[in-house]
Amino acid sequence: MAETSTEGTGTIEALSLVPKAEARQSMKDFKSDQEVRWCPGCGDYAILAAVQGFMPELGLARENIVFVSGIGCSSRFPYYMNTYGMHSIHGRAPAIATGLASSRRDLSVWVVTGDGDALSIGGNHLIHALRRNVNLKILLFNNRIYGLTKGQYSPTSEVGKITKSTPMGSLDAPFNPVSLAIGAEASFVARTIDSDRKHLTEVLRQAAAHPGTALIEIYQNCNIFNDGAFEALKDKKSAEEAVIRLEHGQPIRFGSDLAKGVVRDRATGDLKVVAVTPENESEILVHDAHSASATTAFALSRLADPDTLHNTPIGVFRAVERPVYDTQMAEQLDTAIEQHGKGDLAALLAGGDTWTVVG
Amino acid sequence: MTSQVSSAAEQADGTVVGEQRKPAGTKDVRRLDRVIIRFAGDSGDGMQLTGDRFTSETASFGNDLSTLPNFPAEIRAPAGTLPGVSSFQLHFADHDILTPGDAPNVLVAMNPAALKANIGDVPRGAEIIVNTDEFTKRAMQKVGYDASPLEDGSLDGYHLHPVPLTTLTVEALKDFDLTRKEAERSKNMFALGLLSWMYHRPTEGTEKFLKSKFAKKPDIAAANIAAFRAGWNFGETTEDFAVSYEVAPAVKAFPVGTYRNISGNLALAYGLITASRQADLPLFLGSYPITPASDILHELSKHKNFGVRTFQAEDEIAGIGAALGAAFGGSLAVTTTSGPGVALKSETIGLAVSLELPLLVVDIQRGGPSTGLPTKTEQADLLQAMFGRNGEAPVPIVAPRTPADCFDAALEAARIALTYRTPVMLLSDGYLANGSEPWRIPEPDELPELTVQFAQGPNHTLEDGTEVFWPYKRDPQTLARPWAIPGTPGLEHRIGGIEKEDGTGNISYAPANHDFMVRTRQAKIDGIDVPDVEVDDPHEARTLVLGWGSTYGPITAAVRRLRAAGESIAQAHLRHLNPFPKNLGTVLKAYDKVVIPEMNLGQLATLIRARYLVDAHSYNQVNGMPFKAEQLAAALKEAIDG
């Protein structure tokens, strides 16, 4: 398990180049003077509070933190953070943040996006940010609906969704953001829930400590256009049976009295949920988020029933270290200087073949 | 000849590589003031390389020169076909010249397709060197020659030099351990050697170049050098080539200084690096490969030791997005592309207009619409640059006029972007990008000062005396907003594409504020300080020819022709397309007639007519090629007389 200290995080390597705050910070230091304008009851409020509450723990200079967003309800997020921020255009936040993060390694750069922003119009930028492994933390608010345009189905909506644009039901199969991210070579993929502040904060903590791109899918309730989309995971009684809490190094068990567990199907190699018995207890899968192979993390991402949400894993699916784009980019610059010396403009402009005209 | 070739082979270890070859002086030598040569062959024949080398030889000799590479978009178009022909035209002279020339004095045709595709441009009396080995019945039929043009009299009136280039090359390389096919590939170097002899070009540069290009394959280097020398020796010894030509260095054409040959894209890349140095900001390029702009990405990626970051993005949108992110972080940010890429970047350019951050958008224009003609030139993106965004989104536009001028244009675009905190469009084109000319290398003290001041602290005092930072409080002179980069304590702020309140930058939907902000953004661009347009009018003409961008060379050449013929015509050329120079209206109204030649259907003319209510006449060509001076001169003469 990664860094879990609640004190300053001077030891987090991923943030080692980001200057530290001079004084101890509190949640209110991260609240901007702007009035928050999400609908009353929106899940975004809980996420904003969790992020603002978590930021002091990082102990970073506030001026070295940047939130970049695209378009959509969630993308108003930067306005409410008292950090640097950019509310950009639809789908492009990962691209913009990539340019910022790779040219300014002294910054902690966060992307806030939604299911439409990240997976429809910005799908290309998302997958390429993930494969490059730029030092970005991407918070994907997934409410399975288009909110800001007033209720059309989104690329994570369940098939058959009746919306304003699909009165007879939507036809397209949804993306599973965690599966997509793992397929896109993401080095850190997690899922959490807006209303579970403790879990959300813990996931943020691990993401912040991760060197490279971290994708956090946050199930977020849109109480206006898709209310109760994740109720099965929130209602205390149903959640106990539906939610699988992944913890690295722990057997994957859930349900009341941890009566259910995940095992590998010997015939297919796939994962399945079984009732835990003394006979099969030793076969319960132990979660390994750091596995070099993404196979099991991918299989875990496919466990949930897309309609009922039963067997939905939350937590960190995958957290592996691999080269970070912006670090390597900086190293190439250093290597170039080592090999060729610091650029000599006069020599560059003159090139190899010159001739001189004298008066 | 055989002995000379084998001696070259013996020297293949490179011991004498770099030695200048000199004619023995047994043949006639004639002096010329200028020559236009066109090398033409299959797109796999290495014509671009051959042209490049001849250009380098010519540049180092000190001639003025101008080049026109012309090649298909396909990497290896079907061999021996008309669409597969690749050519390189070079004009060099003992005086200053402006264009790659209208009509070649010499055509080198490596196959029937190359002859057929180019003969129409070659006037009678010109020299034509053909590779007879390729004039087989089948190859000729492929391009529609029923009878051999070498024998049917259709080339009467030309000085035809039938040379079995392939056979001679293979023969010259017989001592090398090469297959016939491998040996044949050096035939372009044989041709280069022959032409180098004909025009007394220095040869040591090409030998050094070959040695270094094939450093890892010394056999191939030696074979190419041997072929090059064999071609040179062939000219020296064979009776078919009785005359060689001298074109003296263009000493008087050039001001004192140190010179090099440079293409537009290279000059542009150097201009960007220089701008970054002069601004003391790291250079960040976000780009997606596209013809004819990719060379800038390639070039900049080689100069990481200048602190240059190049980011090859997943698409055009990400290219400019990353650049904009870097601009937010305090880099001198650039995206390079061509017309189709600009279309994709439009929304982000609009965001940059709204964010008021410095950003260079380099458009190497090519034939359009859509994919159009990727390797051919056009200037039809002017209105896209001007208006191609939603809402009122004014963007300054700067256009270079010659390949070397791309350097200065890049610096000027950077000056405007940094001073006024705005995206700037830099409109080059395929002709400038790939064409080359001598460039006087600037002295360090000639370079413009571009340093910027980032915001350091509060810039506004509230009524209660609190000092705050307002990201949209403007400089009263330039109307530029402060550039406060992340990492600056106390200046944390949020910006976005939603309309902002004047001063605070907070979201505002207030009608009056939007009206004010739209007008203010426009006023900022309209108020950009650009130099007056200069008019060249020695004879108080009544007709003005106005151009922009890469038409400078052909227009100026046409104007010279007209004046030499006793006509009066004034000439002005625009570097700044938005805003226009302040004196432009006065200049236009001083003439009875204004003619605007453009490689589009009249885009500048549209702007001029709308803005100044001047009855400007368009003269247009959209065939993917630059104007020819003769044709332009005729059109301008008509305008003068009409």
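Residues are numbered from 1 along each chain as its sequence is written, and chains are lettered from A in the order in which they are written. Because the model is predicted, local features need pLDDT of at least 70 and side-chain atom pairs count only at pLDDT 80 or more, while totals for chains, interfaces and linings use all residues.

I begin with the interface. On chain B, 58 residues are in contact with 54 residues of chain A (contact: C-beta atoms, placed from the backbone, within 7 Å). Which element of chain B gives the most to this side? It is α12(B), with nine residues. Helices here are DSSP runs of H or I with at least four residues, strands are E runs of at least two, and both are numbered from the N terminus.

I turn now to a sheet that involves both chains. Three strands form this open sheet in the order β12(A)-β9(B)-β16(B), with antiparallel pairing; strands pair if DSSP finds at least two bridges between them. β12 of chain A and β16 of chain B stand at the edges with a single partner strand each, so one side of each has no neighbour in the sheet. β9(B) and β16(B) pair over five bridges, and B:R260 stands opposite B:W439 in β16(B).

The helix α2(B) packs on the sheet, touching β12 of chain A as well as β9 and β16 of chain B. Its direction makes about 165° with that of β9(B) (axes are lines fitted to C-alpha atoms, for helices over the stretch in contact; angles run from 0 to 180 degrees between N-to-C directions).

Definitions and conventions. Two residues are in contact if their C-beta atoms, placed from the backbone, lie within 7 Å.
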